[in-house]
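The sequence and the model are shown below.

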Amino acid sequence: KEIKKYVHTIDAVLLSYPDGSHLGALPYLVGKLGLNCPIYATIPVYKMGQMFMYDMFMSHYNMHDFDLFSLDDVDAAFDKIVQLKYNQSVAMKGKGYGITITPLPAGHLIGGTIWKIVKVGEEDIVYATDFNHKKERHLNGCELEKLQRPSLLITDAYNARYQQARRRARDEKFMTNILQTLRNNGNVLVTVDTAGRVLELAHMLDQLWKNKESGLMAYSLALLNNVSYNVVEFAKSQIEWMSDKLMKSFEGARNNPFTFKHLRLCHTMADLAKVPSPKVVLASSADMESGFSRELFIQWAPQATNSIIITNRSSPGTLARDLIDNGGNGRKIEMDVRRRVELEGAELEEYMRTEGEKLNRSIKKRDLDESSSDSDDELEMNVITGKHDIVVRPEGRSHTGFFKSSKKHYAMFPFHEEKIKYDEYGEIIQPEDYRMVDLGPETNGDDNKENGIKTENDIKKEKDEDVTLLDKPTKCVQARKTIEVHAQVQFIDFEGRSDGESLLKILSQLRPRRVVVVRGSAANTAHIAEHCQQNIGARVFTPNRGEIIDATTETHIYQVRLTE
């Protein structure tokens, strides 16, 4: 409701990262509140953002009746996006005439953006949240130092008083945890996001598995989310958005760092069951409120041999945050276990009956429409007036096309002609229609015939399965369950954000004139505000949610242009 008031006043949307916390509400705004304006994002934010949203929708849909937005809303929202490259300036049109926006690299997630907004001859605004100044395996850090003295910096205080472990120490801790667990025949659940930080972890683990001395070859490694295959495909095609190191290895040896040799891609729990244990599984979603990470937690938490690694701090109130704050140690957690199941028995019959009625109604309606249009066409032919032997159309009824566009009237018996189905590559063909019944004498006939028969049945089976998954009526079931967490629970920071100390140093280097601090606890916000006022002498604004601030300084700006 708060945002509904402002929807019609929004002239453009700038997306900084592809994850749920930065664009999660976009499909809702576009689909349900009717936001209609250009949306700007870098190419990876566009691609990976869709992956995040699809996965988020499926994760929630598989657990409860999720109606905040639909997949169509996601598509509609992403259709409005104007895709940009880094450092590509775009001049706004219409109301925003004279304003130029430029995306700059921010680290943290692939395609992550710091936005620089400049108006000719006036001030520049820099919007930089959640950035990461450190180089990582798959991303370069941001380069904020290049932006000297912006008039207004909008930043966040999320990490203001947070200290990070050294990268090497963190990686060693991660590896030790995994190795110990696997050697004790336990499974490791690593909670990750859909298409952002997961790339760093997947790349790192796959490299480790490649290393013969690590002794990991005997174990399995899997990535489990609803769109895992697509995420990896997109990652392969976006090497130019990644770190210099990956670019060099790709250009030199032509080996794509995201062609994983050891990482198995799974889309369902059934896929995962086929991967031999003990295994390390990267599962979405990171907050463990929905999706596969929650399902796996319910399965694996009771065994003491298993290990659960949480890689980022999610918002308070989520299961992941609860585990970070209070650990496991055999405590009991009450959880809602929700899942979507197929209808059976009486419910299925009831559903079929109501659906059948709906279908019948629509068929009857269609028949009526068709018969009426037929009779109209016949009428047209019969209206031949007076001496002229040309067809005169009755007035008021527009008719498109040159020829009579009716259904064919069959003289003898009705023959239904199969429509040829097309997709974007042309006619869809059924391979079965073109199977050779009689195989040539030179091949081994019997084997091939048997194989042929088998594959046809398999194909039919697969087809049936596909149909059933999509079209089967389902419902959601819910149960309270107490889970004893005996598995080892550890938080290892793979968030890829600058920590507090670096944040303050960067602010001191930038020396912005005014700072707006968004997002962050009251204590963190105060910490940043104090630092800015004392060390930089900047005016600081700390707006609350829904508050409007006026950060203008110069009230009268005159531009003087001298001609010769």
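## Conventions

A salt bridge is a side-chain nitrogen of Lys or Arg within 4 Å of a carboxyl oxygen of Asp or Glu. Helices (H or I, at least four residues) and strands (E, at least two) are DSSP runs numbered from the N terminus. Two strands count as paired if DSSP finds at least two bridges between them.

The model is predicted: local features need pLDDT of at least 70 and side-chain atom pairs pLDDT 80 or more, while totals for chains, interfaces and linings use all residues. Residues are numbered from 1 along each chain as its sequence is written, and side-chain values use heavy atoms, leaving out hydrogens and water.

## The open sheet

Seven strands make up an open sheet with mixed pairing, in the order β4-β5-β6-β7-β8-β19-β20. β4 (90-91) and β20 (539-541) are at the edges and have a single partner strand each, so one side of each lacks a neighbour in the sheet.

Within this sheet, β5 (residues 99-105) and β6 (residues 113-119) run antiparallel and are joined by seven bridges. T100 has V118 in β6 as its bridge partner.

Side chains of opposite charge can pair when their charged atoms come close. The structure holds 24 salt bridges. In one of them, R340 pairs with D65, with 2.9 Å between the closest N and O atoms. R340 belongs to strand β14 (residues 332-342) and D65 to the loop between α3 (43-61) and α4 (71-79), so the pair ties together parts 275 residues apart in sequence. R340 is buried at 17% relative accessible area, whereas D65 is exposed at 58%.

## Salt bridges within helices

D325 and R321 form a salt bridge with an N to O distance of 3.7 Å. Both lie in helix α11 (residues 319-326), four residues apart, or about one turn of the helix. D325 is exposed, at 52% relative accessible area, and R321 is partly exposed, at 22%.

E355 and K358 also meet in a salt bridge, at 3.1 Å from N to O. These two residues are three apart in helix α12 (residues 345-382), so about one helical turn separates them. E355 is partly exposed, with a relative accessible area of 27%.

## A salt-bridge network

Which residues are linked in a network of salt bridges? They are D130, D156, R313, E495, R497 and R519.

Conventions
Buried < 20%, exposed > 50% of the residue type's maximum accessible area, 1.4 Å probe, protein only.
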